[in-house]
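Please look through the structure before reading the points below.

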Amino acid sequence: MSNPGGLGTGKRRIVDQLKHAGVSTTADLGTALGVTTQAVRAQLAELEGQGLVVAKTIATGARGRPPVGWALSARAMDLFPDRHGELAVELLDAIRETSGDEGVASVLAQRGRAQMSAFGEAVPPGSDVETRVELLARHRTEQGYMAEVVPDGDDLLLVEHHCPVCAAASACQGLCANELDLFREAIGPGADVDRTQHLLSGGERCVYRVRTR
């Protein structure tokens with residue numbers, strides 16, 4: 001069995017067992033894996049230190065102190081295959097095959113409207129350009145873009161250090177164009193917004209320059 005994440009065989013077996021069985025006691029894990037409880041306990045201690053498992057109380061309904069089990073943490077999900085990027089590309093290809101480029105454009109436009117609506121709910125009425133850029137960076141960070149605002153003279157740079165939709169964006173250039181339109185609408189008519197670095201064009205990250213009018 002492959003071992004993504006670089007875990008030793010013993011710890012990987014525990015992680016896989018918890019993925020299959022859910023919350024399990026140390027004794028349950030030992031029985032399922034055919035090893036001693038002491039061996040399991042030592043591996044769990046290391047996994048807990050790595051932030052990959054968490055202790056959870058098991059509600060049994062019986063009197064007395066409830067048993068403590070172990071479960072995978074959210075961080076442990078990174079140890080398992082993730083095909084979100086491939087799925088997004090497959091869906092875009094399917095839309096293009098069935099509805100043409102117009103269908104893809106329609107889907108992207110709807111995505112842009114939904115994103116703008118979500119962002120608009122977080123922006124206080126009358127916010128100035130700097131506030132809107134800061135809120136946009138926070139919103140994008142919550143979506144996985146690792147965004148920050150960097151002052152550059154009289155301008156602001158909105159810097160995105162990561163692109164969680166890179167595979168889809170590579171397959172559909174309109175995705176990046178729509179995001180630039182989204183930024184311009186989100187920041188508002190009080191500023192000009194231009195992309196000065198583009199990850200898909202060889203840049204190390206995506207950078208947007210915001211010039212107040």
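Two strands are said to pair if DSSP finds at least two bridges between them. Helices (H or I, at least four residues) and strands (E, at least two) are DSSP runs, numbered from the N terminus. This is a predicted model, in which local features need pLDDT of at least 70, side-chain atom pairs count only at pLDDT 80 or more, and totals for chains, interfaces and linings use all residues. Residues are numbered from 1 along each chain as its sequence is written, and side-chain values use heavy atoms, with hydrogens and water left out.

- An open sheet is formed by 4 strands, whose order is 3-4-6-5 and whose pairing is antiparallel.
- Strand 3 (147-152) and strand 5 (191-197) are the edge strands, each pairing on one side only.
- Strand 3 pairs with strand 4 (residues 155-160) over 6 bridges in the antiparallel sense.
- Glutamate 148 has valine 159, in strand 4, as its bridge partner.

**The helices across the sheet**
- Axes are lines fitted to C-alpha atoms, for helices over the stretch in contact (heavy atoms within 4.5 Å), and angles run from 0 to 180 degrees between N-to-C directions.
- Helix 5 (residues 129-142) lies across strand 3, strand 4, strand 5 and strand 6 (206-212), at about 150° to strand 3.
- Helix 7 (residues 173-187) lies across strand 4, strand 5 and strand 6, at about 150° to strand 5.

**A loop residue**
- Serine 127 is in the loop between helix 4 (84-120) and helix 5.
- Serine 127 counts as buried because its relative accessibility is 16%, buried meaning under 20% relative accessible area (1.4 Å probe, protein chains only).

Terms used: Buried means under 20% relative accessible area, exposed over 50%, partly exposed in between (1.4 Å probe, protein chains only).
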